[in-house]
Amino acid sequence: MIRKGKNSYRRKMEHQQQQNNICGVWKGLKTISGFKEPKSQPVGDQGSHSVLSLRPPPSTPPCSSLLLTTHQVRNALKKNRARKAAGPDGISSRLLKSCADQLCGIFGYTFNLSLKLGRVPQLWKTSCIVPVPKTPHPKELNSYRPVALTSHLMKTLERLVLAHLRPLVSSFMDPLQFAYQPDIGTSGPGCCGDKLQLAGVDHHFTTWILDYLTHRPQFVRVQGFESDRLLCSTGAPQGTVLAPFLFTLYTADFSYNTPSCHLQKFSDDSAVVGLITDGDDREYRGLIQDFADWCLRNNLQINAGKTKELVVDFRRRRHSPPAPCLDWSDNTNALVRKGNSRLFLLRRLRSFGVQGPLLRTFYDSVVASAIFYGIVCWASSITDRDRRRMDRLVRRASSVLGCPPGLSGGGGKQGG
């Protein structure tokens with residue numbers, strides 16, 4: 001792009017800023033820098049991993065307990081996001097959204113037929129796994145994360161099923177499970193089906209859900225080449241709407257809550273919180289052992305490498321530091337890597353002539369927000385070496401912004 005084009009683009013953003021068009025300014029900044037907002041990690045990427053073994057549905061077609069109306073299907077089709085990539089079926093989300101009035105009748109019939117027969121079309125269950133770089137920094141492009149592309153048509157049906165399922169099993173859910181709750185912010189063969197029916201889901205609806213979870217084709221696409229397809233019948237499938245909620249339902253039968261000890265969850269991340277008085281930690285350790293035994297019985301694998309213990313001592317007298325103590329070195333390493341990669345985007349913007357309030361807006365939103373996330377928790381406990389590394393990162397950001405280090409959004413906070 002020639003310099004004239006850069007100046008024109010910058011002047012356009014400055015005009016949008018004067019008109020208070022924040023959306024236009026932000027789109028322009030992301031376009032120039034190449035910044036892409038990270039997508040939320042699907043269930044199963046972190047923490048404990050499910051290795052569910054599910055019983056295939058029976059051969060006799062049941063009758064569905066859920067009958068969808070044309071109005072419901074129309075509204076669900078209109079909720080598709082137009083810019084999402086198409087799944088393996090090639091059906092565009094923009095098409096479903098724009099033509100909802102014309103398509104709701106035929107798709108309503110198709111959805112109800114699927115629910116009636118207790119079967120999900122194979123193509124709707126297919127996942128295309130695409131490797132995506134974890135960071136836009138050019139030196140780290142060899143680090144990828146898998147993104148699963150699935151059918152938008154199937155996601156539409158999943159949303160309708162989820163709206164029916166959530167109130168149906170609300171009384172069975174763990175009150176300390178804070179993921180996928182609208183007001184707050186996945187064994188042995190047949191175990192999942194047994195838990196569904198225990199939660200109040202009828203046999204016919206359970207049959208459809210089990211078919212949805214089993215024999216799911218998956219393949220990988222890289223630079224236009226596709227791998228062979230494999231069938232998967234374990235775990236919570238990536239890139240779906242219904243599977244995360246089914247995971248929380250699957251784990252709902254283990255809960256614990258007393259005045260001195262409780263287990264709280266956020267999707268597949270679980271935390272045991274215990275109050276230990278006079279050195280009596282029997283309840284706390286017993287809960288941990290019970291939870292580990294339950295995971296073993298339900299074929300859920302705990303990721304010990306990501307399991308940490310934090311001890312907070314409220315006693316007034318000085319005591320030797322409890323073991324194990326919390327170390328923030330890994331956190332600092334991650335923040336420095338992320339900060340350096342995002343400084344690359346900041347320099348790219350400056351090379352386009354972006355400066356002043358526009359450059360500062362991008363810094364505050366993309367760079368500073370990453371560097372200083374959770375600063376009140378870690379800033380006062382990091383080592384002098386890690387503090388100096390963070391200070392150097394802030395100074396580099398300040399030089400790009402053209403302002404003193406103390407004005408770059410957090411340089412003075414690290415002494416916390």
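Which residue lies over the face of Tyr212? Arg216 does, at 5.0 Å from the ring centre. A charge sits over a ring if NZ of Lys or CZ of Arg is within 6 Å of the ring centre and within 35 degrees of the ring normal.

1. The model is predicted: local features need pLDDT of at least 70, side-chain atom pairs count only at pLDDT 80 or more, and totals for chains, interfaces and linings use all residues. Residues are numbered from 1 along each chain as its sequence is written, and side-chain values use heavy atoms, with hydrogens and water left out.

2. There are 6 aromatic pairs in the structure (rings of Phe, Tyr and Trp, the last by its six-membered ring, with centres within 6.5 Å; planes under 30 degrees apart are stacked, over 60 edge-to-face, the rest tilted). One of them, Phe111 with Trp124, is edge-to-face, at 5.8 Å centre to centre and 75° between the planes. Phe111 belongs to helix H5 (residues 100-117) and Trp124 to helix H6 (residues 122-125), so the pair links parts 13 residues apart in sequence. Helices are DSSP runs of H or I, at least four residues, numbered from the N terminus.

3. Phe111 is buried, at 0% relative accessible area, and Trp124 is buried at 9% (buried means under 20% relative accessible area, with a 1.4 Å probe and protein chains only). Phe107, Phe111 and Trp124 make up one aromatic cluster.

4. Trp208 and Tyr212 are stacked, with 5.8 Å between centres and 5° between the planes. They are 4 residues apart in helix H9 (residues 203-213), about one helical turn.

5. Arg229 has its charged end over the ring of Phe219, 4.0 Å from the ring's centre.

Technical notes:
Helices (H or I, at least four residues) and strands (E, at least two) are DSSP runs, numbered from the N terminus. Buried means under 20% relative accessible area, exposed over 50%, partly exposed in between (1.4 Å probe, protein chains only).
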